[in-house]
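Trainee: Before we go through this model together, could you show me how to read its features one at a time, with the general idea first and the particular case after it?

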Amino acid sequence: MRQHEKHYWRSPDEASGGSGAHCGDARDVDAWIEAPPGHVNRRDFLKAAGFALSAAATAGGCGKAPEQHVLPYLNHPEGTTPGRAAFYASVCGACEAGCGALVKCRDGRPIKIEGLPEHPLSRGGLCAAGQAALLGLYDAQRLRGARIEGRDTPWSGVDQALRARFEEVRRAGGAVRVLSRTVTSPTLQASIDRFLETFADGAHVVYDPLSVAAILDAHGATHGARVLPRYRFDRAEVIVSVEADFLGTWISPVAFTAAYSAGRRLDDNGPKMSYHVQFESRMSLTGTKADERRRIAPDEASSVLRALAGRITGEAGQSPFSEDSLKAELRTSLEALAKRLLDARGRSLVVCGSQDAEAQRLCNLINEALGNYGKTLDIRRPSMQKQGNDAALAGLLRELEEGRVAALVIIGLNPVYEIPGGACSAELLRRAGLVVYCGEREDETAAAAQFLCPDHHFLESWLDAEPVSGGVALRQPALRPLFQTRSVLESLHAWMGAPADAYDTLRAYWRDHVYPRATTADSFDTFWNRTLHDGFARLRGGLAQASLRDVPVPDPLPVPDPDPAAFTLTAYPKVGLLDGRHAYNPWLQELPDPVTKVTWDNYACLSVAAAKRLGVRDGDVVRIDAGDAALELPVCVQPGQHDRVVAVALGYGQTATARFAGLGPDWFGKRASVGEDGLVGKDVGPLLRIEEGLVRYERRGVTVTPTGTRVELACTQTHHTITVPPRLAPAGGLRRPILHETTLGAFAKDPKAGHPHAHHIFEGDLYPDDHPKRGHHWGMAVDLTACTGCGACVVACQAENNVPVVGRDEVRRKREMHWLRIDRYYSGEGDDVDVAHQPMMCQHCDNASCENVCPVLATVHTEEGLNAQVYNRCVGTRYCANNCAYKVRRFNWFTYRHDDPVENLVLNPDVTVRSRGVMEKCSFCVQRLQEAKIEAKRLGVKVTDAMTQPACQQSCPAGAIAFGDMNDPESAVSKRIASGRAFRVLDEINQRPSVTYLTLVRNRASDEAENHGRDAHATEGSGHHG
Amino acid sequence: MGGTPMRRKGAGIMADAQAPLRTPWILGEKRPIDVSNDICALLERKPTRLWWAALLASSTVLLIGMLAIGYQMATGIGVWGVNRTVGWAFDITNFVFWIGIGHAGTLISAILFLFRQKWRTSVNRAAEAMTLFAVMCAGLFPLIHMGRPWLFFWIFPYPNYRGPLWVNFRSPLVWDFFAISTYFTISAMFWYVGLIPDLATIRDRAKAGLRKKIMAFFSLGWNGSYRTWIRYEVVYLLLAGLATPLVVSVHTIVSWDFATSIIPGWHTTIFPPYFVAGAIFSGFAMVLTLMLIARKVMGLEDYFTLRHVDAMCKIIIVTGSIVGLAYLTEFFTAAYSGNPYEQFVFLNRAMGPYAWAYWIMVTCNVVSPQLLWFRRVRANLVAVFALSIVVNIGMWFERFVIIVTSLHRDYLPSSWADYTPTLIEILTLLGTFGLFFTCFILFCRFLPVIAIAEVKGVLTHGRSAPPLPHSQSDKTRHASEAFEEART
């Protein structure tokens, strides 16, 4: 432990960040920044002396840091200023999508991961999981050093033992297998290959827990290249997605969201909006944004694609494109859709997320027939983000079964948990002669491995990434490793007998292999430095153009008539938690699911009709029985799901979640955040199977039976529509005018379409407006058309503002602390619903009702239009929260503990950690505003939009949030406010909010009148109202 | 020279002659000395077992409540059932409930005094004591409902070192602070001033000892002289005049906590009169509850008679009807306003998740008090006792309904949430009853529960009209019989 502390504050030489004291007052330091250099008068001198004294006293008072660290730098590291953040461009490691990350470091430690604005793929966005990965760095339960058979061992000992063991294997000619997720790093891939080459029988098996192997296999079959195309949603005018949640969790959701959003811009000079049709069996995030959404059964995916292919190739109805199995209404809609696709040849895109080989081949056929290859999807410069081969995995499992594997090295994957159906049990792993596990945590696989060789967190390591062919990026460490972990790159070299530093290995590889492909004529050093600074570089070259082979389309397999009582189990990844690798992460566990708004647990989603048929409602526990395995889960009624589907989220029920048993405030009424088995949620993996060389996320023929018990779901939103229950609805008041939506047709005619009749707003005030806001007047504008509800902003806000995690029980008690929430509303009847997302944060009203009622002036208005919350002043009457029409205020019901010294390193030093009994809420990231103003003053420039990005805006992949000075007519926010779509929530009660929303526009043919009729008859979606 | 006031024709309000045709307010042909003996005897004898038992029970409940509050203070407001949507529930419900209870005392002691309602003399002492104790219970809640109650003094506007910050005079909570502290001060003053002649009586009767010393100190050298009485009556009249506006102002300001907000169901101009009427309604019910017990237990049947009960029941009918009218008016206003949020709140009250609470409120406050229109019900003390408790249950629910149903479903449906109280909140409410009854039981034991001096003023003894013979005259027979019947 002492050993580690020495490392916290020292900056890595390469990254050159950091300062000595970690307990100083950040604001005092800012005062230093504000003062022009060289002007030290008596007052300043005394202030400085006082600061130095108090900083020393506070730092000393912390008790944890050794004394020498309080001393100022003897040699000040170049480019660092205490209290000022340093940003490092890097590659996010939360999944294999390889989004560009900007790591914000304060005093030598990363405190926030943001999107890299210039990154060509992610375009400045970063998803919830990427934001939350920061917490993984400071996870006190990470493996802190190497172990042999459970004993802590120094790396030298591990290397010695492993070299000997590998030598044995080498001499015996045994099979060595490396099992990993997709490796997007060319350097690491090369090292793995070199490592395996030293053995007679070495192979690298790649498995992606969220497998899309069917797409690669299909391209192998149809185009002769087993690749994953790079999808270009920005270039597609007609998007058809069959079971692909490309905005939520599929392959590279941030890049796809950014591109999708770029294709749907309504306020530019030439407004454009792609037409998006979603066929899906459950309500995915992508489905909520679709212009048209069709419910299909999971096994209908290939039928739909087959019928579409027939219509596009002009062979509709003929064998093999029969449409017999489709319902008439679906056929009619396919007719129209095919026409639209044909009209948009080369400007359309059909994607399929199903692990059905036939469906994927049909999908390729359609895209080829539409001439989309090379335009909206690229296989010449394919995506490298998923390279998994399920067939190879099945082969490895067979080898393990037969005991033919002499050594297995597992990198960054938890196969015991993540390979479905329990196919890779701990016993199976033990049949390998040697199991070396390079993971980060003590998980299911670690228990079965003899050697634990923990890898660095991605923020600690040097590595590179090539997420799409021809686009490379460098990952640089943002701090020196916290624990005695070691980069896998270094481990592999050590085991090959040629120990090398990761940095040297990386640089050498880049000099020899990457630099020759560079598009610049610069020297290698310049190329390297620029890439390091920018975070990415473009490379020449690509694969040879593959063209469609003449592969006959097989006749459809006979689909057995579904048993009317049976369900199809669909396992899906949840935004944030994904395949479950982030299950340890409390921010993501507490992030409400974008659609169901449930936190912490997984559950069995049933459609409204299915729930009715089974006689169950939210929270009723059902038993999902697949014959050979079963699990019991509470029901969550999900409108818009297919009636024969029961959908369960992947990634739950991991041993890593046992840590949450004690989470949350301690009092006698507390209920644990884990279930009876001590884990969060249930693992759906045992019910899934690997069939015909593909991991299937569907399981046909499962039975769902109510058990009669109940579990209360921890849901942050219990009422799901903006229509009030009809029996409580006053005349004309069924639908609340808080979220406006319209169709593209209506919008083209009238930009103000969708707005209800404006109420006369009473302009008078009881109290004079004593804040003229002559300088800045901060405001925000949220584009509801762009917002996908992905929740990236929620986690970004949580990370930026030190928002505590409260645990499942407190969420059930409706006391989650998120400053920013995303309201999700259904409209429509039963399972035929539309979904709207509405981010909701403090509206910073200019006529704020919270300000009047506070007896102690703890919430006051600033001259810049902010509604400021003064924590020190607050006595906690909660009157302000009661009197907030938007219910965005959050109260510290308890002391939310920050006890762990390692985990506390994640706290943003610019933001106070609130004590119990104090109200808090969105501050528009006032700390960033202050910093921007100081910086602008120092530089003598005007404060611009780019300088004042709140955390939520910074991370939004869709660019839904604009923030800036409403007094500046050139600011993005002013332009949005001036647009026809602008409206303010609850404008009629005259709070004069500073947050503006832009009407949600759907690309629909249906006209306004029809839409209104629909709303007027809208009823409760699902009996959800509580 | 105890508490026998000098009588001058027309000198004092208390000295008015008794109309011979009416039944006397005080039964049993009391002479002034009998009154002193009767009331003081209660203090001078040893406490009964019943008294001890009651004290033990109520102080136990008080202790439990204190433990609950202690736990909450140590742990956080999170031990209550309140949440991000329903920020106030039991706490402010109890606060308004207790403040309302207090109102009857002030009304009886001040307004009825100014209106020369002689029957008030039998109940005003107890009612004023009740006011004080109820305000104490009420005052507890704004304190403990704070997130950081140890900083409660930040809402006092006094010169301080907390920087340039001051209190927010736009906040109804600050107004509340002034209203309640003023109310408590004036009520305590009024009660104490009214007590002085009686304290002197006790002093004069007490043997040398602690009691005598204490009473001598607190009776402020009262000598019963003509001049003392004149001064006393002037002060009392002035205090009554001061206290009178408070009857209206306190609950008006409490109602502004809600009325000045923007929450549908709170934001309504009808609240001040509605709250004041409700407060008097519940206060009178509580006085009845207490006095009916005291009457039975302490043998005060001659002092607190069926006529008193009858008069108070009539006030309950009037105020109860005002409250009922207010309920209807709220619905009308909502319907007429055309404001869908407002309309929804009221439909939701009557038919939403808390409809049970709403209908308890309506049943207890509007329906059941209608029984008091019947003379036979008013003369049936068991029925009156039961109804008085029912009214207080109803009035507690009224505040609960106003606070919780308005908050739990306001503007944005995404934030709608339900509220369920926790054990701690229930124990805290019980604890305030413990506090109230402990104080009241101690009061009954150590201070004259009936204003001796004032009651003497309404005695029929020694009036110009001939006293009623022991063999009752025909004129009064039927009335007396009726009362006797009722009593047996």
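Mentor: Let us begin with confidence, since pLDDT is the predictor's confidence in each residue, on a scale from 0 to 100. What you see is a predicted model, and over residues 1008-1026 of chain A the pLDDT stays under 50, although the model has 41 contacts for that stretch beyond four places in sequence.

Trainee: What does chain A average in pLDDT, and over which other residues is the value below 50?

Mentor: Chain A averages a pLDDT of 85, and 87% of its residues score at least 70. The pLDDT is also below 50 over residues 59-67 of chain A, a stretch with 13 contacts in the model beyond near neighbours in sequence.

Trainee: How many helices and strands are there in chain A, and into which domains is the chain divided?

Mentor: There are 29 helices and 43 strands in chain A. The domain assignment divides the chain into domain 1 (2-137), domain 2 (147-210 + 388-538), domain 3 (225-383), domain 4 (567-715) and domain 5 (726-1016). For domain 2 and domain 3 of chain A, the C-alpha centres lie 35 Å apart, and five residues of domain 2 are in contact with five residues of domain 3. On the domain 2 side of that boundary, the classes are three nonpolar, two polar and no charged residues.

Trainee: How should I read burial, and why does A:T723 count as buried?

Mentor: Burial is judged by counting neighbours, and a residue is buried if 20 or more other C-beta atoms lie within 10 Å of its own. A:T723 has 25 C-beta neighbours inside 10 Å, and therefore counts as buried, while its place in the chain is the loop between β31 (714-715) and β32 (741-743) of chain A. The C-alpha atom of A:T723 is separated by 8.0 Å from that of A:G733, ten residues apart along the chain. Across chain A as a whole, buried residues make up 60% of the 1026 residues.

Trainee: What covers the buried residues of α16(A)?

Mentor: In helix α16 (residues 488-495) of chain A, eight of the eight residues are buried, including A:E490, A:H493 and A:W495. Their cover includes the helices α5 (155-172), α6 (186-197) and α17 (502-514), together with the strands β16 (405-411), β17 (435-438) and β19 (463-468) of chain A. Just after α16(A), A:G497 takes a positive phi of about 85 degrees.

Trainee: Turning to helix geometry, where does α7(B) bend?

Mentor: Helix α7 (residues 226-259) of chain B has 34 residues and reaches 49 Å from its first C-alpha to its last, close to the 50 Å expected at 1.5 Å a residue, yet α7(B) bends by about 30 degrees at B:L246. Helix α10 (residues 340-351) of chain B, with twelve residues, reaches 16 Å, close to the expected 16 Å. Ten of the twelve residues of α10(B) are buried, and these buried residues pack against α9 (306-337), α11 (355-367) and α13 (381-408) of chain B.

Trainee: How many residues of chain A are in contact with chain B?

Mentor: An interface can be read by its residue counts and then by its classes. Here 53 residues of chain A are in contact with 47 residues of chain B, and α24 (849-853), α25 (879-882) and β38 (890-891) are the elements of chain A that give two or more residues to its side. By class, that side has 25 nonpolar, 17 polar and eleven charged residues.

Conventions. Residues are numbered from 1 along each chain as its sequence is written. Chains are lettered from A and ligands numbered from 1 in the order in which they are written. This is a predicted model: local features need pLDDT of at least 70, side-chain atom pairs count only at pLDDT 80 or more; totals for chains, interfaces and linings use all residues. Two residues are in contact if their C-beta atoms, placed from the backbone, lie within 7 Å. Helices (H or I, at least four residues) and strands (E, at least two) are DSSP runs, numbered from the N terminus. Ala, Val, Leu, Ile, Met, Phe, Trp, Tyr, Cys and Pro count as nonpolar, Asp, Glu, Lys and Arg as charged, and the others, Gly among them, as polar. The expected span of a helix is 1.5 Å times one less than its number of residues. Domain bounds come from an automatic or database domain assignment. The bend at a residue is the angle between axes fitted to the seven residues ending there and the seven starting there.
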